[in-house]
Structure formats: structure tokens, C-alpha cells
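Visitor: I am new to this structure and would like to know what stands behind the terms used for it. Could you show it to me?

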Amino acid sequence: MIKIHETAMVTSAFRAMDETLSKDQYAHLWSSARIQAHADRYSNAVSVFEPHAHCLRNRYFFDQLTDLASDGKIDMLINFGCGFSMYPFALPASIKHIEIDLPEVVAYKQQQIRSWQQLGKLPGRNIQYLSCNFNREYTREFRNTIKMHIGKASTFFLLEGVLFFISRKDSFRLFNLFSDLQRQGDYLGSVSFRPQLEQSRVFGKLVSFVEGNLKKNQQFKYQTVEDEFYEKLSGYQLKDHQDTLGLNSKYSPEKVLPEQEVLIEHMYILEKNKN
Ligand SMILES: C[S@@+](CC[C@H](N)C(=O)[O-])C[C@H]1O[C@@H](n2cnc3c(N)ncnc32)[C@H](O)[C@@H]1O
């Protein structure tokens, strides 16, 4: 059985398979024989192109974040459902971070990061860790803590690899929180599958794999998201929209991706246009 948070370790193992492409030079720190075995089992059951697709996704956000940071447009990255992403160490030390995920993920991540920093394997960074379950109402304390850490900072909120796992109702609650916390000129990055993909064989394999591998007490009903959700998101303007195939043409044009066998993800970047 695989736990929901172990999906984040699998994602990390995929990024480690091509650190030059993914630009996650620390992804390998999270690997272990157990996680590599999960990653291989997942790729073989769902799509052998998943490691490559995840490297492309990380590379896209790495490049976007790096450009915004060097243009002085963002001071802080808040990663909702951060899993074992290592953006804090890929971005300049001046950028502040809030890492948010389920309690067990955040606790494990924080402990590992501290120990690698003590061993000199990772540089120091300004990171706050917060735990939250997106399936539940947010506490006033959670919201106020984020607001306090943001202060006057310009932010980039990231939601990568999460929407598939949560309901539409919980997504609305999350995007309302984003709108409440962000100010004009702030950025929001999000990743999702389009509803059209549901008809494909490869998506069916993904759903069967996730359903078949979750612990019995974990609830799961997948979500896909239509472009209109982002196009009509109140208070935000869509600035960029990419998908796995387009990113492949840009970053690894030599690699042939057979469309039918790829879990095509869509990446959106929005800018807050009013308070
Ligand atoms: C596929 S992983 C992606 C992790 C990371 N963003 C990445 O791209 O590598 C999904 C993440 O969402 C988190 N997650 C899933 N459901 C959640 C929930 N209800 N509340 C908080 N986090 C959740 C998981 O713990 C996991 O870290």
C-alpha cells in the first residue's frame, strides 16, 4: 500500500531521474529503495513517460520562479501541498518560503531538511513549515499565521500535483483563501488534468492504480479541471498556460512522446489583478 504523502516521494524520485532537466539538484536526497520500487511500479502500471513529465513540470516552475525572482517581482514562495519539492534550495537565498502540507509530510520534511543542513548537504534558507488538511475548514490561526509571515512581501502561491486529490468544494475553499491572502501583482501557479483526459486509457490506468494502492481508510475521488475555471477565476488574470507536450517541445525536442500514452498535465500561471 502507498500512503497519499508517499505519492509526493514518488514525484520526487521522478525528478531525481533527470536532475539536469528537472533542475531539482537535491531530489536524490529523498530517494530510497522502497520509494524507487514504488516509482517503478507506478510508471510500469500507468505510463513510462511519467518521470519525464514530472521533470518537465518542475523545470517549467523552476524557470518561471527564477525569472520572477530575478526581476524582483516575488519575495516569497508559498507552496500548498509542497510534498518534497526543493524549490527553496534552487531559488536565491533572498526568497522566503512557506511550505504547507499534511502534518506528517511537513514534520518529516522539516526534520530531514534540518539534518541535511547540519551535515552541510543543503544551504540555509528562510523557511516556515505549516500543516493543514485541505479537506477541512481552515482555522483563523492558520490564515492569520500565513498573513503575518507574508507581511509586505510579493508572493507566488503554488499548487502542484494537488487538485487531482481534492474535491471541487475543497478547491473553491483553497482558491478563496488564495484570493484573500494575495494582493494585486502577486502570482499563482496551478497544475491540473483537463476533463477531456478522463476518456483516455492512460487516465483510467492512473485512477485504477491510485484506487488500488491507497489505504482503505483514505477517501479518494479524483478531480479534473477545465480551462474556464482559471479563465474565469475572480480577481485573477491568466498569464500563461502550458501542457506537458508543449513543454517537451521546448525543453527536450529530441524526446518523442506518444500522445496517447502520456498523462498530459496543464500548468497555469495567474496574476492577481485586484484586491
Ligand atoms: C503528488 S504530491 C505533489 C507534491 C509536490 N507539490 C510536488 O509537485 O512534488 C501531492 C501532495 O499533496 C498533498 N496533499 C494531498 N491531499 C492533501 C490534503 N487534503 N491536504 C493537504 N495536503 C494534501 C500530499 O501530502 C502530497 O504532498
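Visitor: What makes β2, helix α6 and β3 a β-α-β unit, and of which hand?

Guide: This is a predicted model, in which local features need pLDDT of at least 70, side-chain atom pairs count only at pLDDT 80 or more, and totals for chains, interfaces and linings use all residues. Residues are numbered from 1 along each chain as its sequence is written. Strand β2 (residues 96-101), helix α6 (residues 103-118) and strand β3 (residues 127-131) make a right-handed β-α-β unit; a crossover is right-handed if, with the strands pointing away from the viewer, the path from the first strand over the helix to the second runs clockwise. Helices (H or I, at least four residues) and strands (E, at least two) are DSSP runs, numbered from the N terminus.

Visitor: How do you know that β2 and β3 pair?

Guide: Pairing asks that DSSP find at least two bridges between two strands, and β2 and β3 have five, in the parallel sense; His97 stands opposite Ile127 in β3.

Visitor: Why is the protein called as compact as a globular protein of its length?

Guide: The protein has 11 helices and seven strands. Its radius of gyration, taken over C-alpha atoms, is set against the globule rule, 2.2 Å times the number of residues to the power 0.38; the value is 18 Å, close to the 19 Å that the rule gives for 275 residues, so the protein is as compact as a globular protein of that length.

Visitor: What share of the residues counts as buried?

Guide: Of the 275 residues, 36% count as buried, that is, have 20 or more other C-beta atoms, placed from the backbone, within 10 Å of their own.

Methods. A residue is buried if 20 or more other C-beta atoms lie within 10 Å of its own, exposed if 12 or fewer, and partly exposed in between; C-beta atoms are placed from the backbone.
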